[in-house]
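Let's take a slow walk through a protein together.

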Amino acid sequence: MASGSDPPEPARLQQAPAAPLPAQLIQRYLRLFAFYDRDGDGRHTLSGDFEPVAARIDARWQGRSTPFPNLLQLLRDTYQHENERRDRDHDGQVDREEFVVSHTRVFAAFRADPNGARRFIARSAGGFFDVLDLDGDGVLDLDDLAAFAAAYGHPTGGIAANLDRMLTVLGLPPGLLPRDAFLTLVEQYWFDPSQEAPGRHLFDGVSLAEGCLQRSAVE
Ligand SMILES: [Ca+2]
Ligand SMILES: [Ca+2]
Ligand SMILES: [Ca+2]
């Protein structure tokens with residue numbers, strides 16, 4: 001594979017029923033799958049991926065007042081709920097196909113009711129924004145974004161340039177990601193297949209391990 005940002009689409013994904021997802025979005029969901037696959041074993045599990053992530057994110061808040069009570073448990077419950085929702089065959093893990101297919105309903109819901117979906121994004125992604133915004137000023141800085149990537153075990157050296165590339169297109173100054181811009185980028189990453197939308201780069205800036213993508217691609 002030449003590029004970690006362009007994973008091939010497994011044949012069985014093309015056979016997924018109904019609700020056609022734009023190819024650009026499938027590629028993004030596959031990249032997101034690799035991003036979330038913290039231990040690089042080609043599947044999402046609570047023990048290998050999300051439990052350590054929740055612990056790392058929660059640990060940043062030690063000595064501070066968290067934006068939600070019982071933050072660690074909230075993160076664990078949220079990841080567990082999400083993974084179970086995607087785990088169609090209930091084997092306790094989510095593979096690439098299950099992950100992509102889980103987005104067909106989400107994508108259809110967005111198309112059917114964009115404003116309702118935006119309210120949902122504002123609550124869910126906005127809540128996660130608050131979990132990353134350590135000083136609570138409504139703006140994510142590079143430390144916040146690097147901590148998120150590092151929680152998933154990814155190198156953080158490319159995050160600043162990637163952030164500034166998106167901020168430039170949005171007409172914003174470099175280095176800081178305001179809440180509204182974050183929500184715009186999230187919406188674009190998940191739902192706008194345009195090759196011009198800056199949000200398509202949201203999970204760029206980290207080099208995902210080639211081995212991780214290759215292992216999952218051949219399963
Ligand atoms: Ca994994
Ligand atoms: Ca499964
Ligand atoms: Ca902040």
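First, some ground rules. Residues are numbered from 1 along each chain as its sequence is written, and chains are lettered from A and ligands numbered from 1 in the order in which they are written. This is a predicted model, so local features need a pLDDT of at least 70 and side-chain atom pairs count only at pLDDT 80 or more, while totals for chains, interfaces and linings use all residues.

How confident is the predictor? The score to look at is pLDDT, the predictor's confidence in each residue, which runs from 0 to 100. For the protein chain, the mean pLDDT is 90, and 86% of the residues reach 70 or more. Residues 1–17 are another story: pLDDT stays under 50 there, and the model gives them 27 contacts beyond four places in sequence. A contact here means that the C-beta atoms of two residues, placed from the backbone, lie within 7 Å. Over residues 214–219 the pLDDT is also below 50, and this stretch has ten contacts beyond near neighbours in sequence.

Now for the parts list. The protein chain has ten helices and two strands. Both kinds are DSSP runs numbered from the N terminus, with helices being H or I over at least four residues and strands being E over at least two. Read along the sequence, they follow the pattern α-α-α-α-α-α-β-α-α-β-α-α. Of the contacts with a separation of 6 or more, 62% are between residues 24 or more positions apart. Buried residues make up 26% of the 219 residues. To sort residues this way, count the other C-beta atoms (placed from the backbone) within 10 Å of a residue's own: 20 or more is buried, 12 or fewer is exposed, and in between is partly exposed.

Next, find helix α3 (residues 46–59) and helix α4 (residues 71–86), which pack at about 150° with their axes 9 Å apart. Axes are lines fitted to C-alpha atoms, for helices over the stretch in contact, and angles run from 0 to 180 degrees between N-to-C directions. What does that angle make them? α3 and α4 are roughly antiparallel to each other. The cut-offs are under 35 degrees for roughly parallel, over 145 for roughly antiparallel, 65 to 115 for roughly perpendicular, and oblique for the rest. Ala, Val, Leu, Ile, Met, Phe, Trp, Tyr, Cys and Pro count as nonpolar, Asp, Glu, Lys and Arg as charged, and the others, Gly among them, as polar.

Move on to helix α2 (residues 23–36) and α5, whose axes come within 10 Å and cross at roughly 130°. That makes α2 oblique to α5, and α2 passes α5 in a right-handed crossing. The contact is made by L25, I26, Y29, L30 and F33 of α2 together with R96, F99, V100, H103 and F107 of α5. Sorted by class, those residues are eight nonpolar, one polar and one charged.

Finally, some single residues. Most residues other than glycine have a negative phi. N70 is not a glycine, yet has a positive phi of about 50°. You'll find N70 in the loop between α3 and α4, where N70 is exposed, with 11 other C-beta atoms within 10 Å. H90 also has a positive phi, near 55°, and sits in the loop between α4 and α5. With 7 C-beta neighbours inside 10 Å, H90 counts as exposed.

Last stop: R111, in helix α5 (residues 96–112). R111 and F191 are 80 residues apart along the chain, and their C-alpha atoms are separated by 8.5 Å.

Notes
A crossing is left-handed if the near helix is turned anticlockwise from the far one by less than a right angle, and right-handed if clockwise.
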